[in-house]
Amino acid sequence: MLALLSSMALADQFVGQASVIDGDTLELHGTRIRLWGVDAPESSQLCRGDDSLQYRCGAQAANELDAFIARRTVNCVLVSLDQYGRTVATCSVGGADLGEWLVLLGLALDWPQYSKGRYGVAQHNAERAGRRIWKGSYVEPWLYRACVRANGKPAACSDDASSHP
């Protein structure tokens, strides 16, 4: 009976070593997990730095997340399944919420449509400090994906007249 209760308690929780798929997606025990409440630039997405040169901000987010996790144990708690059936969870390493960490470092944005502003303070702090994407300009990842889905080319979808300076 104890084993049954233990497996039931862990049914909505994933713990172990994770692989980074992109800036806001992990794989843990064969399950892809989308980090709840944040949106990081896509792997193919480009941003402009304070020197106005394009750089691979999506790859930077994934690489820095991978370095931060550094083979440590990741603990994820299921929040929901998204419209595509993917697992959406809050995840932490060493007590640090990965979503908040990404937003605070300027590697991802708070996605208020889902987070209800949970990471808004972290985003404000990153913007005020000019961290990562806040140093130059970017297109919100959700707008970048919509542009690519409409047959836009990644480089063109990465630059937008209304992007954030």
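First, the ground rules. The model is predicted, so local features need pLDDT of at least 70 and side-chain atom pairs count only at pLDDT 80 or more, while totals for chains, interfaces and linings use all residues. Numbering runs from 1 along each chain as its sequence is written, and side-chain values use heavy atoms, with hydrogens and water left out.

Overall figures, then. The chain holds seven helices and eleven strands. Those are DSSP runs numbered from the N terminus, H or I of at least four residues for helices and E of at least two for strands. Of the 165 residues, 42% are buried. Buried means under 20% relative accessible area, exposed means over 50%, and partly exposed is in between, with a 1.4 Å probe and protein chains only. The accessible surface is about 8900 Å², and carbon and sulfur atoms own 54% of it; the method is Shrake-Rupley with a 1.4 Å probe, and for residues only the protein chains shown count as cover. Among contacts with a separation of 6 or more, 56% come from residues 24 or more positions apart, where contact means heavy atoms within 4.5 Å.

Now the strands. Two strands pair if DSSP finds at least two bridges between them. Strand β8, residues 73-81, runs antiparallel to β1, residues 13-17, with five bridges. Gln17 has Thr73 as its bridge partner in β8. Strand β8 also runs antiparallel to β9, residues 87-93, through seven bridges, and there Asn75 is partnered with Ser92. Five residues lie between the strands of the β8 and β9 hairpin, and Gly85 in that hairpin has a positive phi near 85°.

There is another hairpin to mention: β2 connects to β3 through two residues. These strands, residues 19-22 and 25-28, are antiparallel and share three bridges. Val20 sits opposite Leu26 in β3.

On to helix α2, residues 57-69. Its 13 residues reach 18 Å from first C-alpha to last, close to the 18 Å expected at 1.5 Å a residue; the expected span is 1.5 Å times one less than the number of residues. Its buried residues include Ala61, Ala62, Leu65 and Ile69. As a reminder, an α-helix has 3.6 residues a turn, so residues three or four places apart point the same way. After α2 comes Ala70, with a positive phi near 45°. Arg72 lies over the face of Phe68, 4.9 Å from the ring centre. The test there is NZ of Lys or CZ of Arg within 6 Å of the ring centre and within 35 degrees of the ring normal.

How many aromatic pairs does a search of the whole structure find? Five. Trp111 and Tyr114 are edge-to-face, because their ring centres are 4.8 Å apart and their planes stand at 80°. Rings of Phe, Tyr and Trp (its six-membered ring) pair if their centres lie within 6.5 Å; planes under 30 degrees apart are stacked, over 60 edge-to-face, and the rest tilted. Trp111 is buried at 14% relative accessible area, whereas Tyr114 is partly exposed at 40%. Trp134 and Tyr138 are also edge-to-face, since their centres are 5.3 Å apart and their planes at 80°. Both Trp134 and Tyr138 are buried.

Last, Ser137, in the loop between α5 (120-129) and α6 (141-149). Ser137 counts as buried because its relative accessibility is 16%. Ser52 is 85 residues away from Ser137 in sequence, yet 8.0 Å away in space, C-alpha to C-alpha.
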